Amino acid sequence: MVQQSEGPSGQAADVVRSLHRATAAHDLDGIVSHFAADYTLEDPVHPDRSFRGADQVRRNWTRLLAAMPALVLEERGLVADGSTVWTEIALRAGPGDGEEQGLRGVMIFTVEDGAITAGRFYLAPIVRDGLDADAAVHAIAARSLR
């Protein structure tokens, strides 16, 4: 199931929304078909996870769909500016799984000639660690002082 926000349309936005529909349908071939063969992903927060190639997209989604067979994608927002599309999403393991599990964050895609050619991901696992804002900042500061 995909829940989409209302927003811009146009070729780049349409490609990303189509990707969201394929993801919600658990259509592995449909997901991969949205990406150029030489697609490049940059993960600025986890640079070692960056990669090049739609073959890695297929491997990633094969694992994710197997691990989360009731996966739900929620499009929380989408903004397009020419060939660049910013989208905020929530990927959840599915309804009725008890504790919320999944990923949330922002993806920035470049779409050229109807295919996604590049992406930057700012996604993170949902974590309920009991830390409020003060405790979280204290923990970050303490690690920085080491």
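1. Arg 17 and Glu 75 are joined by a salt bridge, with 3.1 Å between the closest N and O atoms. The model is a predicted one, and the distances and accessibilities in this note should be read accordingly. Arg 17 belongs to helix H1 (residues 11-24) and Glu 75 to strand E4 (residues 72-81), so this pair ties together parts that are 58 residues apart in sequence.

2. How many salt bridges does a search of the whole structure find? The search returns seven. One of them pairs Glu 74 with Arg 76, where the closest N and O atoms are 3.4 Å apart. Glu 74 is buried, at a relative accessible area of 17%, whereas Arg 76 counts as partly exposed, at 39% relative accessibility.

3. Arg 76 also forms a salt bridge with Glu 88, and here the closest N and O atoms are 3.5 Å apart. Glu 88 counts as partly exposed, with 33% relative accessibility. Through shared partners, salt bridges join Glu 74, Arg 76, Glu 88 and Arg 92 into one network.

4. Turning to the rings, the structure holds four aromatic pairs. Among them is the pair of Phe 35 and Tyr 39, which is edge-to-face, with 4.7 Å centre to centre and 70° between the planes. Phe 35 counts as buried at 9% relative accessibility, and Tyr 39 counts as buried at 1%.

5. Phe 35 has a further ring partner in Phe 109: this pair is edge-to-face, at 6.5 Å centre to centre and 70° between the planes. Phe 35 lies in strand E2 (residues 35-42) and Phe 109 in strand E6 (residues 102-112), so the contact ties together parts that are 74 residues apart in sequence. Both Phe 35 and Phe 109 are buried. Taken together, ring pairs link Phe 35, Tyr 39, Phe 51, Phe 109 and Phe 121 into a cluster.

6. The last point concerns helix H4 (residues 133-144). At 1.5 Å a residue, its 12 residues should span 16 Å, and the end C-alpha atoms are 17 Å apart, which agrees. Where does H4 lie, in the open or buried? The number of buried residues among its 12 is zero, so H4 lies largely in the open. At the N-terminal end, H4 is capped by Asp 132, of which a side-chain oxygen lies 3.2 Å from the backbone nitrogen of Asp 134.

Methods
Residues are numbered from 1 along each chain as its sequence is written. This is a predicted model: local features need pLDDT of at least 70, side-chain atom pairs count only at pLDDT 80 or more; totals for chains, interfaces and linings use all residues. Side-chain values use heavy atoms; hydrogens and water are left out. Rings of Phe, Tyr and Trp (its six-membered ring) pair if their centres lie within 6.5 Å; planes under 30 degrees apart count as stacked, over 60 as edge-to-face and the rest as tilted. Buried means under 20% relative accessible area, exposed over 50%, partly exposed in between (1.4 Å probe, protein chains only). Helices (H or I, at least four residues) and strands (E, at least two) are DSSP runs, numbered from the N terminus. A salt bridge is a side-chain nitrogen of Lys or Arg within 4 Å of a carboxyl oxygen of Asp or Glu. The expected span of a helix is 1.5 Å times one less than its number of residues. A polar contact is a pair of N or O atoms within 3.5 Å; within protein, one must be able to donate a hydrogen and the other to accept it, and residues adjacent in sequence count only if both atoms are side-chain atoms.
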